[in-house]
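Please work through each task before reading its solution.

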Amino acid sequence: MHEYRVLDSEIIHRGWCYDLTAETVAMPGGGTARREFLDHVGAVVTVPVDEQGRVGLIRQYRVPPKELMWEFPAGLRDIAGEDPAVAARRELAEEVDLHAAELVKLGEYYTTPGISNERLHYYLATGLTPVPEADRHERTDEETHIELVWWDLDKALDAVADGEIRNGVCALALSLARLHLERR
């Protein structure tokens with residue numbers, strides 16, 4: 001088995017949640033290749049499920065695709081050393097004003113491993129209660145108009161197949177939630 005050793009690494013650009021990094025890597029046969037990628041802080045995604053088994057989706061504007069997209073409460077792991085489960089609880093409270101009595105890890109996956117090392121930790125949140133009004137996070141920028149909408153899980157999965165839900169992270173989260181709920 002060939003050892004893909006990093007021979008050289010440089011940060012080309014520093015961003016707010018990632019760096020653009022270029023690395024030269026030893027390839028099979030004695031050659032090398034330079035690859036640029038996003039060195040990302042990582043993120044969490046939380047699938048809130050209510051007492052009726054519905055999933056809570058939000059609609060949020062995303063600058064790169066220039067679209068309002070259906071997705072789940074999610075956020076960056078931008079606090080050094082923060083446990084992913086703590087980050088998931090924090091994002092659930094900040095984005096949709098909910099606490100979860102139970103948080104179950106659904107897995108962790110790379111979003112686009114050909115161009116980024118961004119790894120997302122997926123969680124299912126149940127036993128939901130509202131965050132008291134006085135403790136709610138003040139949302140700004142893209143988060144200002146976030147609204148939580150409860151969807152039947154089958155309807156949400158159909159929306160993925162029909163192209164209404166076009167966020168790949170959301171599509172995977174729905175599939176992971178379905179698998180977990182079916183196995184219970």
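**Exercise 1.** In which loop is the place of Thr140?

Solution. Thr140 is found in the loop between S9 and S10; strands (E, at least two residues) and helices (H or I, at least four) are DSSP runs, numbered from the N terminus. The model is a predicted one, in which local features need pLDDT of at least 70, side-chain atom pairs count only at pLDDT 80 or more, and totals for chains, interfaces and linings use all residues. Residues are numbered from 1 along each chain as its sequence is written, and side-chain values use heavy atoms, with hydrogens and water left out. With a relative accessibility of 43%, Thr140 counts as partly exposed; buried means under 20% relative accessible area, exposed over 50%, and partly exposed in between (1.4 Å probe, protein chains only).

**Exercise 2.** Determine how many aromatic pairs the structure holds, and describe each.

Solution. A pair of aromatic rings is described by the distance of the centres and the angle of the planes. Rings of Phe, Tyr and Trp (its six-membered ring) pair if their centres lie within 6.5 Å; planes under 30 degrees apart count as stacked, over 60 as edge-to-face and the rest as tilted. The structure holds two such pairs.

- Step 1. Trp70 and Trp151 are edge-to-face, at 5.0 Å centre to centre and 75° between the planes. This pair links distant parts of the chain, since Trp70 belongs to strand S6 (residues 67-71) and Trp151 to strand S10 (residues 148-151), 81 residues apart. Trp70 is buried at 10% relative accessibility, and Trp151 is buried at 3%.
- Step 2. Tyr109 and Tyr122 have ring centres 5.8 Å apart and planes at 70°, so this pair is edge-to-face. Tyr109 is in strand S8 (residues 98-110) and Tyr122 in strand S9 (residues 119-130), so the pair ties together parts 13 residues apart in sequence. Tyr109 is partly exposed at 33%, whereas Tyr122 is buried at 2%.

**Exercise 3.** Over the ring of which residue does the charged end of Lys155 sit?

Solution. The charged end of Lys155 sits over the ring of Trp151, 4.3 Å from its centre. The criterion is that NZ of Lys or CZ of Arg is within 6 Å of the ring centre and within 35 degrees of the ring normal.

**Exercise 4.** Is Asp97 buried or exposed?

Solution. Asp97 lies in the loop between helix H1 (84-96) and S8. Its relative accessible area is 11%, so Asp97 is buried. Not counting residues up to four places away in sequence, Asp97 touches Leu92, Thr129, Pro130, Val131, Arg136 and Arg139, where contact means heavy atoms within 4.5 Å.
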